[in-house]
Amino acid sequence: MYSEKVMDHFQNPRNVGEIADASGVGTVGNAKCGDIMRIYLDIDDNQVIRDVKFKTFGCGAAVATSSMATELVKGRTVEEAMQITNQAVMEALDGLPPVKVHCSLLAEEAIHAALWDYAQKNNITIAGLEKPKSDIHEGVEEEEDEY
């Protein structure tokens with residue numbers, strides 16, 4: 001059962017689209033479920049996220065987590081955006097069913113992938129940021145066949 005917030009962000013997603021000449025673009029996927037998420041960031045000279053857009057191919061929970069993640073990073077600094085976790089996305093949506101938690105992980109990784117792209121383009125280091133995986137299941141043991 002999905003919360004009202006999940007349903008709202010699925011049926012009325014915020015920040016859908018692309019940003020031409022984005023400061024950073026991150027694309028991640030989940031080979032197990034087929035979800036693909038791309039986040040575009042427009043970051044100003046003070047490292048504040050002026051605008052953010054997303055395109056997601058996936059289930060309703062993937063769309064909802066993408067939408068909420070964009071809402072959570074908009075107007076924040078790069079450092080503040082780094083602190084947004086999948087847990088924060090889930091809490092902002094009033095929770096997700098256990099089999100959909102991976103969607104919130106995808107949202108967190110997509111933000112990090114876009115920040116990584118921004119850092120690479122500007123030859124800077126962002127504290128705590130590691131090179132993102134293109135598939136969130138890279139390196140994960142096969143024990144997670146619960147989806």
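What follows is a set of questions and answers on a predicted model.

Q: Why is H9 called buried?
A: Buried means under 20% relative accessible area. H9 has 6% relative accessibility, so H9 counts as buried. H9 lies in helix α1, residues 4–11.

Q: What makes the link between the side chains of H9 and S67 a polar contact?
A: The cut-off for a pair of N or O atoms is 3.5 Å. The side chains of H9 and S67 are joined at 2.6 Å. That distance falls within the cut-off, so the pair counts as a polar contact.

Q: Which residues does H9 touch, leaving out those up to four places away in sequence?
A: H9 touches R14, V63, A64, S67, M68, E71 and L93.

Q: What polar atom lies 3.4 Å from the side chain of D35?
A: The backbone nitrogen of C59 lies at that distance from a polar atom of the D35 side chain. Beyond its neighbours within four places in sequence, D35 is in contact with several residues, including V28, F57, C59, H102 and L106.

Q: Where in the fold is D35 found?
A: D35 is in strand β2, residues 35–43. Strand β2 is mostly covered, with 7 of its 9 residues buried.

Q: How do you know that β2 pairs with β1 and with β3?
A: Two strands pair if there are at least two bridges between them. β1 and β2 share 7 bridges, and β2 and β3 share 8. Both counts meet the cut-off, so both are pairs. Each pair is antiparallel.

Q: Which residues stand opposite each other in these pairs?
A: V28 has M37 in β2 as its bridge partner. Towards β3, R38 stands opposite K55, L41 opposite V52, and I43 opposite I49.

Q: What do the turns of the two hairpins hold?
A: The hairpin of β1 and β2 has 4 residues between the strands, and G34 in the turn has a positive phi of about 90°. The hairpin of β2 and β3 has 5 residues between the strands, and Q47 takes a positive phi near 60°.

Q: What makes β1 and β3 edge strands?
A: The sheet is open, with 3 strands in the order β1-β2-β3. β1 (24–30) and β3 (49–57) each have a single partner strand, so one side of each is left without a neighbour in the sheet. On average, neighbouring strands are turned by 15° against each other, direction ignored.

Q: Which helices pack on the sheet?
A: Helix α2 (residues 60–73) touches β2 and β3, and its direction makes about 175° with that of β3. Helix α5 (residues 101–122) touches β1 and β2, and its direction makes about 145° with that of β1.

Key
Residues numbered from 1 in each chain as written. Predicted model: local features only at pLDDT ≥ 70, side-chain atom pairs only at ≥ 80, totals over all residues. Heavy atoms only, no water. Polar contact = N/O pair within 3.5 Å; in protein donor to acceptor, adjacent residues only side chain to side chain. Contact = heavy atoms within 4.5 Å. Axes fitted to C-alpha atoms, helices over the stretch in contact; angles between N-to-C directions. Buried < 20%, exposed > 50% of the residue type's maximum accessible area, 1.4 Å probe, protein only.
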